[in-house]
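Hello,

Here is the structure I said I would pass on.

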Amino acid sequence: MRKMKENGVCCFTGHRPMKLPFGLDESHPKCNQLKSILRAEIERLITEHRVCRFITGMALGIDQICAEIVLDLKKEYPQIMLECAIPYEGQAIQWSVEQRERYFGILEKCDEETMLQTRYTKDCMQKRNRYMVDHSNHVLAVWDGSFRSGSGQTVRYAQKMGKIITIIRPDTLEITREKQTNKANE
């Protein structure tokens, strides 16, 4: 297979399971629809924008779903890479056994692990989100438009930094694409 020149980096942001219409039930038809849309969008980024690197924050929900899609797509696109940006060392410590097994399974298969800090602080998730946006030119967000969420803060920061943003609404599955601006260079 022809090796593509790395032309872009994409990070993911999205809601935790309890803010998604299907909750923790990933066998729900709406979740399967969302996964299909996410896969198509990630593939579009690879083929149309030559994105070769993806960054996930490894939170429950959208972060891990996207990470697993990228890992699966590596079979077709071996040039792509997955970086796991971990906000602090104990991120998964209070999760269920099943959730921790999924988390560590993704970490075992990723290409790069970035530990942002060893201990939890009240701003460690925001630091992780800013790291991901700062190291990306594309942001793929599963976001319902609520500004009080971490995803909302991440999307607003990405807009401020002039990133190319794709938003998928988890309730309607509507896709919105925002073009990059020169705000980061002003």
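Arg50 is partly exposed, because its relative accessibility is 32%. Keep in mind that this is a predicted model. Arg50 sits in the loop that joins α1 and β2. Its phi is near 55 degrees, a positive value in a residue other than glycine. Most residues other than glycine have a negative phi.

Leu173 is the other one to look at. Phi of Leu173 is near 65 degrees, again positive in a residue that is not glycine. You will find Leu173 in the loop between β6 (164-168) and β7 (175-178). Is Leu173 buried or exposed? Leu173 counts as buried, because its relative accessibility is 11%, and the cut-off for buried is under 20%.

**Salt bridges**

How many salt bridges does a search of the whole structure find? The search gives 15.

Start with Glu112 and Arg53. They form a salt bridge, and their closest N and O atoms are 2.1 Å apart. This pair links distant parts of the chain. Glu112 belongs to strand β4 (residues 112-115) and Arg53 to strand β2 (residues 51-56), 59 residues apart. Arg53 is buried, with a relative accessible area of 14%. Glu112 is partly exposed, at 31% relative accessibility.

Next, Asp72 and Arg39. This salt bridge has its closest N and O atoms 2.7 Å apart. The pair also links distant parts of the chain: Asp72 is in helix α2 (residues 62-73), Arg39 is in helix α1 (residues 29-49), and 33 residues separate them. Asp72 is partly exposed, with a relative accessible area of 29%. Arg39 is partly exposed as well, at 24%.

Then Lys35 and Glu26. Their closest N and O atoms are 2.9 Å apart in a salt bridge. Lys35 is partly exposed, with a relative accessible area of 26%. Which residues are linked with Lys35 in a network of salt bridges? The network joins Glu26, Lys35, Glu68 and Arg102.

**Helix α2**

α2 has twelve residues. From its first C-alpha to its last it reaches 16 Å, close to the 16 Å expected at 1.5 Å a residue. Why is α2 described as largely enclosed by the rest of the structure? Ten of its twelve residues are buried, so the rest of the structure largely encloses the helix. The buried residues are Ile62, Asp63, Gln64, Ile65, Cys66, Ala67, Ile69, Val70, Leu71 and Leu73.

**Where α4 meets α5**

Last, a helix pair. Helix α4 covers residues 124-134, and helix α5 covers residues 150-160. Their axes come within 10 Å and cross at roughly 35 degrees. The crossing of α4 past α5 is right-handed. On the α4 side, the contact is made by Asn129, Arg130, Val133 and Asp134. On the α5 side, it is made by Gly150, Thr154, Tyr157 and Ala158. By class, the contact has three nonpolar, three polar and two charged residues.

For a quick tour, look at Arg50 in its loop, then the Glu112 and Arg53 salt bridge, then the right-handed crossing of α4 and α5.

Best wishes

Terms used. Residues are numbered from 1 along each chain as its sequence is written. This is a predicted model: local features need pLDDT of at least 70, side-chain atom pairs count only at pLDDT 80 or more; totals for chains, interfaces and linings use all residues. Side-chain values use heavy atoms; hydrogens and water are left out. Axes are lines fitted to C-alpha atoms, for helices over the stretch in contact, and angles run from 0 to 180 degrees between N-to-C directions. Helices (H or I, at least four residues) and strands (E, at least two) are DSSP runs, numbered from the N terminus. A crossing is left-handed if the near helix is turned anticlockwise from the far one by less than a right angle, and right-handed if clockwise. Contact means heavy atoms within 4.5 Å. Ala, Val, Leu, Ile, Met, Phe, Trp, Tyr, Cys and Pro count as nonpolar, Asp, Glu, Lys and Arg as charged, and the others, Gly among them, as polar. A salt bridge is a side-chain nitrogen of Lys or Arg within 4 Å of a carboxyl oxygen of Asp or Glu. Buried means under 20% relative accessible area, exposed over 50%, partly exposed in between (1.4 Å probe, protein chains only). The expected span of a helix is 1.5 Å times one less than its number of residues.
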